[in-house]
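Dear colleague,

Please find below the structure that I am handing over to you. My notes on what was found in it follow directly after.

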Amino acid sequence: MRPALCFLATCAVAAQIGCERPANVGAGLAPPPAVAPAAPRDAAEGPREARAAAAAAAAPAAAATAARAAAATAARAAAATAARAAAAPADAITLIAGGDVCLGKALGQELLRDPAYDPFASVAALFASADVRFVNLENQLSDQRGETQHARQPLVFVGPPAGADALARAGIGVVSLANNHMWDYGKGAFLETLGHLERAGVAYVGAGRTRLQAYAPAVVERRGFRVALLAVTGIWNQGSLWQHPAREFVAGAERDGLAAAVRAARKQPGVDAVVVSYHGGTEYLDTPLPQARALAGAAIDAGADAFLGHHPHVLQGIELRRGRPIFYSLGNFLMKVKRTGPAVELAMLARLRLRRGAPPLAEICPVRSEGLGTVPLAADPRRAETEAAFAKRMRRVSAFVKGEPAIGPFAADGCAPLEPAAKAAPAPRPEIAGPIR
């Protein structure tokens with residue numbers, strides 16, 4: 001089956017699966033106010049004074065009953081209003097996305113020594129600012145009897161099963177598995193990866209037990225707002241993905257097919273936003289490749305609200321297309337690589353305020369690799385130095401894209417808004433990042 005047709009078939013099936021809210025949620029009605037019963041009319045004629053005294057005696061009790069009934073009615077009405085407000089869908093939610101995360105190699109050994117180790121602790125405050133957290137998980141999760149990196153092939157690595165629990169503890173709700181390391185230890189380890197993520201309650205996209213599952217979106221709902229995430233890879237370590245057995249399990253990048261998948265995801269019942277994740281490009285290169293530009297443009301034109309790129313291991317430029325952000329490369333979020341220097345150490349999280357019927361409001365939150373972890377700008381003891389290096393880097397890489405946004409001032413939480421930019425600066429010569437001597 002051609003990739004484009006596969007995308008269409010996938011999304012046609014996925015579109016039949018909905019999470020509609022019951023129509024009666026939060027629609028409870030308060031009963032009518034209670035009314036004090038009228039005093040029965042005396043059967044026998046008695047003195048007028050006696051009747052007046054009896055009426056006077058009954059009045060306080062009737063008034064108290066009516067007051068209690070009115071208070072109860074008001075309380076029920078307030079509760080019903082609150083329930084309706086809670087059930088009403090949100091007009092916007094916040095998604096925060098990181099680039100490459102590797103829980104193998106040295107970090108995998110740390111997780112083997114201490115399964116409760118939290119490699120995401122440093123970014124807990126940033127994660128708390130979002131409703132949905134998303135990263136590219138660039139390793140399988142499999143029990144390889146203590147091995148987390150191949151003895152003879154250092155670019156082949158794997159994370160232990162405890163990695164799934166680390167993701168869940170950090171509140172990462174969705175991961176992309178569409179990347180070039182998803183077959184490092186073969187099909188068995190791949191299927192084990194899916195099982196561990198499912199056990200930990202972490203959703204995944206860009207891969208599955210069937211071709212249909214691999215290309216289907218992951219739809220996440222928060223407060224009634226539904227966002228569909230799609231993921232594809234343009235890189236494969238074992239030759240061409242289209243000629244590899246993994247083509248039945250991992251989603252490959254193809255422009256027309258991705259555009260069709262975005263349109264189909266947008267048509268799913270109740271979907272309010274669509275976000276695309278892409279793994280591709282050239283490692284350590286400043287500028288995005290033509291294939292990445294074409295893929296991003298097709299995704300946005302088809303209705304995607306944002307495009308998130310990773311794999312180059314360095315930051316690349318940001319583009320605004322139709323008001324929607326394209327992050328060509330977010331860089332390394334949590335991944336130790338051999339190369340050193342500011343270009344490799346600097347990365348960013350994309351924080352998106354996804355809005356119903358409007359382009360998202362985008363922010364960037366710089367992070368810096370240090371040891372096995374990452375340091376967010378807000379907690380960086382070298383904040384001024386890191387902020388300056390980040391600004392310099394972004395000025396350079398943004399010159400290679402059209403429609404690059406301006407970066408607003410950084411707030412106390414270490415994030416800055418993206419704003420429509422003025423005239424672009426001339427593009428410098430592309431460079432491949434290398435060691436800083």
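A salt bridge joins Asp286 to Arg393, with the closest N and O atoms 2.9 Å apart. The two residues belong to distant parts of the chain, 107 residues apart: Asp286 sits in the loop between strand S9 (271-279) and helix H9 (290-301), and Arg393 in helix H11. Please note that this is a predicted model.

Asp286 is buried, because its relative accessibility of 1% is under the 20% cut-off. Arg393 is likewise buried, at a relative accessible area of 10%. Helix H11, which holds Arg393, covers residues 383-398. Apart from neighbours within four places in sequence, the contacts of Arg393 are Asp286, Val314, Leu315, Ala343 and Leu346.

Asp286 also forms a salt bridge with Arg396, at 2.8 Å from N to O. Arg396 is partly exposed, with a relative accessibility of 22%.

Further salt bridges deserve mention. The side chains of Arg324 and Asp305 meet at 3.9 Å, N to O. Arg324 lies in strand S12 (residues 324-327) and Asp305 in the loop between H9 and strand S10 (306-310), 19 residues apart. Of these two, Arg324 is partly exposed at 22% relative accessible area, whereas Asp305 is buried at 4%. Asp91, Asp272 and Arg356 are linked in a network of salt bridges. The count for the structure comes to 22 salt bridges.

I turn next to the cysteines. A search of the whole structure finds one disulfide. Its partners are Cys365 and Cys415, whose sulfur atoms are 2.0 Å apart. The torsion about their S-S bond is about 110°, so the disulfide is right-handed. Because Cys365 lies in strand S15 (residues 358-370) and Cys415 in the loop between strand S17 (406-407) and strand S18 (416-419), the pair ties together parts that are 50 residues apart in sequence. Cys365 is buried, at 1% relative accessible area, and Cys415 is buried at 1%. Cys102 is also buried, with a relative accessibility of 3%.

Finally, a word on confidence. The protein has an average pLDDT of 84, and 76% of the residues score at least 70. Over residues 1-61 the pLDDT stays under 50, and the model has 59 contacts beyond four places in sequence for them. Residues 81-86 also have a pLDDT below 50, with four contacts in the model beyond near neighbours in sequence.

With kind regards

Terms used: Residues are numbered from 1 along each chain as its sequence is written. This is a predicted model: local features need pLDDT of at least 70, side-chain atom pairs count only at pLDDT 80 or more; totals for chains, interfaces and linings use all residues. Side-chain values use heavy atoms; hydrogens and water are left out. Helices (H or I, at least four residues) and strands (E, at least two) are DSSP runs, numbered from the N terminus. Contact means heavy atoms within 4.5 Å. pLDDT is the predictor's confidence in each residue, from 0 to 100. A disulfide is a pair of cysteine sulfur atoms within 2.5 Å. Buried means under 20% relative accessible area, exposed over 50%, partly exposed in between (1.4 Å probe, protein chains only). A salt bridge is a side-chain nitrogen of Lys or Arg within 4 Å of a carboxyl oxygen of Asp or Glu.
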